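Here are a few exercises to work through with the structure open. Try each one yourself before you read the solution.

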Amino acid sequence: MNRFMLPLGIFVLLAVVLALGIRHSPEKGLIASPLLGKPAPQFSLPSLTDPVRPVRSQDLKGHWYLFNVWGTWCAECRAEHEMLLQVRRAGVVPLIGLDWKDDDAQAREWLQQLGDPYQSIAVDRSGRTAIDWGVYGAPETFLVSPQGIVVYKHIGALTEEVWTRQILPRVTGSPATRS
Amino acid sequence: MLPELGHFALILALLLAALQAFFGIGGAALGRERWMAAVTPAVAGQAVMVATAVACLIAAFVSDDFSVVYVAENSNTALPLFYRVSALWGAHEGSLLLWIMLLAGWTVAVAIGASRLPARFAARVLGVLGVVSFGFLLFTLATSNPFVRLDPPAPDGRDLNPILQDPGLAIHPPILYTGYVGFAVAFAFASAAMLEGRLDQNWARWTRPWTTSAWAFLTCGIALGSFWAYYELGWGGFWFWDPVENASFMPWLVGTALVHSLAVTDKRGLFKSWTLLLAILAFSLSLLGTFLVRSGVLVSVHSFAADPTRGIFILAFLVVMIGGALALYAWRAPLLKSTAGFELGARESFLLFNNVLLVIAAATVFAGTLAPLISDALKLGTLSVGPPYFNPTFMLSMLPLLALLSVGIHANWKRGRLGDKARTLLYTFVAAAVLACGVVFGLYSHGHILTPIAMTLGIWILLSSLVDPVDRWRRGLSMSRGVLGMTIAHIGLALAVIALTAVQSFTVERDVALAPGDTASVGGYEFRFQGVRPVEGANFDAMGATLVVTRGGRQVAVMQPQKRRYWVQQQVTSETAIRFDRGNNILLALGEDLGAGRWSVRVQIRPLVSLIWIAAFIMAVGGALAASDRRYRTARAGAPEPATATARQPG
């Protein structure tokens with residue numbers, strides 16, 4: 001080992017870290033891509049909060065919305081909840097929730113305790129709709145354009161950074177820093 | 001048809017790149033003249049094919065061919081022609097094509113200049129460039145083909161990302177990429193030298209103009225990006241230490257070190273292995289910059305993996321290119337012995353400090369940029385690194401660098417004694433310190449502790465850079481373009497330091513409440529408020545204020561900041577009014593309605609801010625001038641030059 005091998009050693013180390021990064025979430029990633037740029041899957045599901053009116057995908061056309069998949073059984077969802085409330089307060093784009101394989105009563109209790117960031121919540125007890133959307137694990141958030149096209153997908157808890165860097169610029173069509 | 005033709009041309013280009021690499025490296029290794037003779041035709045053929053592919057994609061954009069996915073995603077019938085062309089590099093696939101096109105351009109330029117090089121060495125250089133091109137073409141064809149069709153075709157395109165619909169941003173990527181790709185040439189020269197196992201001063205002389213030109217393009221590209229961020233993003237930030245910015249800044253820092261290290265290798269035959277390493281590093285960081293920015297790796301590892309084939313391919317490519325070069329380095333660098341020595345205090349020692357400090361600076365930026373990524377990959381939680389980290393750590397390496405620069409340019413090669421230069425340095429330093437303190441404490445009576453220090457260093461570099469040229473001019477002596485370019489680049493750096501110090505220290509910001517007819521006085525300017533009127537826009541309505549700005553009774557500008565409400569999203573945004581006046585930058589933002597016609601207005605005055613970008617362009621001009629020095633064009637193969645004969649030449 002001489003000093004001329006040091007750069008190679010450092011590089012190999014770095015490559016291993018990056019390789020770990022890729023191996024880290026390949027399954028999630030595989031499912032992430034197919035929907036992007038394609039029309040959002042159709043659905044018509046009962047609403048968690050409104051017993052009369054179902055939540056239907058065709059009613060959502062014509063404006064932007066964020067489709068957020070969650071469940072009370074999901075720890076990450078609790079972590080992202082504060083961010084969702086913040087998104088609601090920003091009032092830029094409505095949140096449509098998909099309560100995935102969950103218990104209705106528990107879900108209502110959750111919203112009462114933590115606050116309800118959603119415009120409406122579809123209940124997907126069987127998990128069929130989540131399969132249509134290619135959901136791998138909660139939470140996942142999809143950004144859908146007024147034309148009904150999935151333009152962005154985020155896996156894992158929604159963060160401030162994703163919101164300002166990825167979602168806001170797409171919705172407002174301008175950098176988020178101008179406010 | 002055209003998209004298929006483009007696709008086919010890319011495949012042919014891939015094959016020609018393979019031939020170029022094989023005949024170049026293989027021919028040189030086996031000493032087969034006829035193989036090496038095939039390299040130049042391969043380069044030319046590849047360039048023609050790549051140009052054909054680019055033309056096909058541009059044609060698809062111009063003719064609104066929405067049966068091509070890439071066009072449908074990045075253009076629209078309503079998009080002006082200019083942006084339809086620049087939309088070519090509006091996203092990942094087209095950016096790669098741009099990269100390949102620029103590489104083909106650089107390769108052709110090298111092939112034309114190769115008549116001055118020994119045949120074997122030239123074949124190796126072009127062969128290595130062929131390997132790089134092959135990798136990029138393979139990546140494009142396998143994972144990011146811009147010619148994929150959409151069936152059925154889209155009725156209209158999704159449109160180019162609105163923030164890219166700006167002339168500044170339309171020309172910024174090609175210039176930046178020209179810089180990135182230019183370091184591939186330095187990399188190829190370094191690899192060829194390592195394959196050959198021989199590196200002399202001629203090698204440095206061949207490599208220098210390419211490296212310096214690439215550096216000049218990169219400087220320009222970064223400055224354009226920063227300028228765009230400033231006026232487009234509104235509230236007056238010219239550098240955010242954003243991962244995307246850092247990705248372009250790291251190759252610049254290392255490239256700057258390389259430019260200086262090459263000077264030592266050229267003049268004195270020293271720093272050989274160090275120069276090689278910097279050449280590899282500069283190109284590696286360029287590659288990293290290209291991939292990281294476009295693939296979104298830096299936002300999160302997850303998005304890196306969003307398309308695993310891409311991620312794995314990128315990593316494999318980096319491992320082959322960089323890993324291969326570094327392995328070659330570990331094997332060959334120990335063979336390169338430098339025989340000459342130098343004393344502490346000689347110019348070599350200052351350039352060594354320059355190199356070390358620039359590499360440290362690049363390393364701190366690298367650590368800060370990749371730390372969030374690594375912590376994410378290792379599941380250590382999310383980490384956010386911002387200006388509180390970057391600013392002080394960067395200053396830590398930059399201040400000593402600036403302090404050593406003035407002495408360094410006056411130091412002699414080889415010998416450590418400064419002699420009568422010491423007096424010149426002392427005089428210029430004292431003059432700089434007096435001037436700086438005059439500005440800092442006289443003109444502005446506030447500032448940070450570092451303000452007078454940084455200001456002194458900036459002015460000192462300016463004055464000491466001018467000593468030699470002024471002296472020569474008075475004695476009627478001419479100056480080579482190399483020395484002139486260096487001087488201009490150093491003056492550019494000095495102006496940048498002065499401008500950055502002024503902006504960071506002397507920016508004035510005030511919130512004022514104004515009724516119609518009121519006047520506020522901020523930073524030497526008078527702002528007369530003429531009230532607020534409703535304004536109707538295309539997709540918003542707004543309240544627009546009118547303020548007349550005067551300075552000493554002379555009207556400077558009429559500025560109209562607005563507060564807009566967009567109908568669709570009901571979002572309120574503040575439209576900042578920005579004006580440049582004598583290098584000062586005035587920003588006005590309309591605040592709240594305070595009732596009875598009174599409004600709050602935020603006034604910000606940033607002195608010398610335009611000088612930051614002007615200074616960067618001056619640096620780039622210096623680089624371009626230095627790269628065009630005659631001695632690089634006349635340097636012929638096999639004309640060794642004794643190191644001692646050049647010992648006193650500045651450069």
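**Exercise 1.** Work out what share of the 179 residues of chain A count as buried.

*Solution.* Start with the rule: a residue is buried if 20 or more other C-beta atoms, placed from the backbone, lie within 10 Å of its own, exposed if 12 or fewer, and partly exposed in between. With that rule, 40% of the residues of chain A come out as buried. Before going on, note that this is a predicted model, where local features need pLDDT of at least 70, side-chain atom pairs count only at pLDDT 80 or more, and totals for chains, interfaces and linings use all residues. Residues are numbered from 1 along each chain as its sequence is written, while chains are lettered from A and ligands numbered from 1 in the order in which they are written.

**Exercise 2.** List the elements of chain A in order.

*Solution.* Helices (H or I, at least four residues) and strands (E, at least two) are DSSP runs numbered from the N terminus. Chain A has 6 helices and 7 strands.

**Exercise 3.** Describe how domain 2 of chain B meets domain 3 of chain B.

*Solution.* First get the bounds, which come from an automatic or database domain assignment: in chain B, domain 2 is 166-418 and domain 3 is 432-507 + 611-634. Their centres, taken over C-alpha atoms, are 22 Å apart. Next, count the residues in contact (C-beta atoms, placed from the backbone, within 7 Å): domain 2 of chain B brings 20 and domain 3 of chain B brings 18. On the domain 2 side, α9 (201-232) and α15 (387-410) of chain B each supply at least two residues. Of these helices, α9(B) gives the most to that side, with 13 residues. Finally, sort the residues of the domain 2 side: 12 are nonpolar, 6 polar and 2 charged, where Ala, Val, Leu, Ile, Met, Phe, Trp, Tyr, Cys and Pro count as nonpolar, Asp, Glu, Lys and Arg as charged, and the others, Gly among them, as polar.

Methods
Two residues are in contact if their C-beta atoms, placed from the backbone, lie within 7 Å.
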